[in-house]
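This report goes through a single protein model, starting with its open space and ending with individual side chains. Please have the sequence and the structure in view while reading.

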Amino acid sequence: MAAAEDAALLVKSRVEQLDALELDKEVLHVLKSQLLSVFKFLPLSLQNNWEPEIDTILQIVVLHLSLRGVGATFGQQLLNIEFLKSQRKLALLAVVTPILLKYVNTRATDVASKTGSPSVVKVVESFTQWSDVSIALGSLLNLLLFLRSGNYPNLLYRIFGVQMQYKSMKSRQRQVGYSHMTRELIWHSFIELLVFVLPLVNYHYIKRQVMKILMLGSISKSKNVAKKKLSYTVNTKCAACSQRPVLPHHMDCDHIFCFYCLQANILADPHFPCPICGHRASGPSSAKQS
């Protein structure tokens, strides 16, 4: 009966098992960043020299605090899962072994270089490279097997036969809230629509039509006024940017523009109206030097 209950509590969800590993990495990353911020005023060479020891000690302390009395890492606790109670010691070996192997692999070359023997250094480098390739290949094969069977998300979990279970039948069903996800998907879809549509909208044309309606009276009056001679003085301002005109140009009306202001507006809207008198440009060649 107990065996059947344990089998029912086994975690088969691949997502939850991978999430537990990723959460453990994130917790460790946050703690490490906090620790480095404490030691940031120490010499950089000292931090670099002792970084492997700091990483190893930090990981062991985190695992000790999380596994002690609970039998689950911090990532597993967040998902209400734990190692099988009969495999707690094996689980401890499975999580500590990669930490120690990584430390030995990091320091092996440094220790070999201090011996002063090129042959020893070459052997150690070859061994570390071989071990890295072997672990990477084994992890890849384990991942393929995990995706097929749903057991042992970690290579060492498979070697030691460590499995995870739910803490109770009540926590077996993972509660996922999709309201936030749906809202984010809708928002991102709306943003993509705007990014696609807005460049296609000629808002200069829309602006001209609005200004045409708003300035209808002033435009009709300006047509009855005799055209004045262009005058360029120290106080002359660009009709578009209200700054001193750079390379003064006009478009057959009484007002001066910067060349770039006038040409940019005409390129965006071939019938660009003068903001002051409403005189329309007749095309891309309307800009004339004053």
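## The largest pocket

Helix α6 gives the largest share of the lining of the largest pocket, 10 residues. Other elements that give two or more residues to this lining include α2 (14-38), α4 (51-67), α7 (118-149) and α8 (155-160). Helices here are DSSP runs (H or I, at least four residues), numbered from the N terminus. The model is predicted: local features need pLDDT of at least 70 and side-chain atom pairs count only at pLDDT 80 or more, while totals for chains, interfaces and linings use all residues. Residues are numbered from 1 along each chain as its sequence is written, and side-chain values use heavy atoms, with hydrogens and water left out.

The lining of the largest pocket has 40 residues, and Gln59, Val95, Pro98, Ile99 and Asn154 lie nearest its centre. The space in this pocket is about 1,300 Å³. A pocket is an open set of points on a 1 Å grid over the protein atoms alone, with protein on both sides within 12 Å along at least five of seven lines; lining residues have an atom within 4 Å of a point. A volume is the space filled by probe spheres set on the points, which are joined across faces, edges and corners. By class, the pocket lining has 23 nonpolar, 11 polar and 6 charged residues. Ala, Val, Leu, Ile, Met, Phe, Trp, Tyr, Cys and Pro count as nonpolar, Asp, Glu, Lys and Arg as charged, and the others, Gly among them, as polar.

## The cavity

A cavity is a set of grid points where a 1.4 Å probe fits but cannot get out. There is 1 cavity of 30 Å³ or more. The largest cavity has a volume of about 60 Å³, and among the residues lining it are Leu10, Lys12, Asn151, Tyr152 and Met164. Its lining divides into 6 nonpolar, 3 polar and 1 charged residues.

## Two residues and their contacts

Gln76 lies in helix α5 (residues 74-78). Gln76 is buried, at 1% relative accessible area; buried means under 20%, exposed over 50% and partly exposed in between (1.4 Å probe, protein chains only). Leaving aside neighbours within four places in sequence, Gln76 is in contact with residues including Ala20, Asp24, Tyr157 and Met164, where contact means heavy atoms within 4.5 Å.

Leu145 lies in helix α7 and is partly exposed, with a relative accessible area of 45%.

## The annotated segment and aromatic pairs

An unreviewed UniProt entry annotates residues 185-206 as "transmembrane region". UniProt positions are given in the numbering used here, feature names are shortened, and annotations may be inferred rather than shown by experiment. In the model, residues 185-206 are 77% helix and 0% strand, with the end C-alpha atoms 31 Å apart.

The whole structure has 5 aromatic pairs. Rings of Phe, Tyr and Trp (its six-membered ring) pair if their centres lie within 6.5 Å; planes under 30 degrees apart count as stacked, over 60 as edge-to-face and the rest as tilted. Trp187 and Phe190 form a tilted pair, because their ring centres are 6.0 Å apart and their planes are at 40 degrees. These two residues are 3 residues apart in helix α9 (residues 179-197), so about one helical turn separates them. Phe190 is partly exposed, at 40% relative accessible area. Phe259 and Tyr260 form an edge-to-face pair, 5.4 Å centre to centre with 70 degrees between the planes. Phe259 is partly exposed at 25% relative accessibility, whereas Tyr260 is exposed at 57%.
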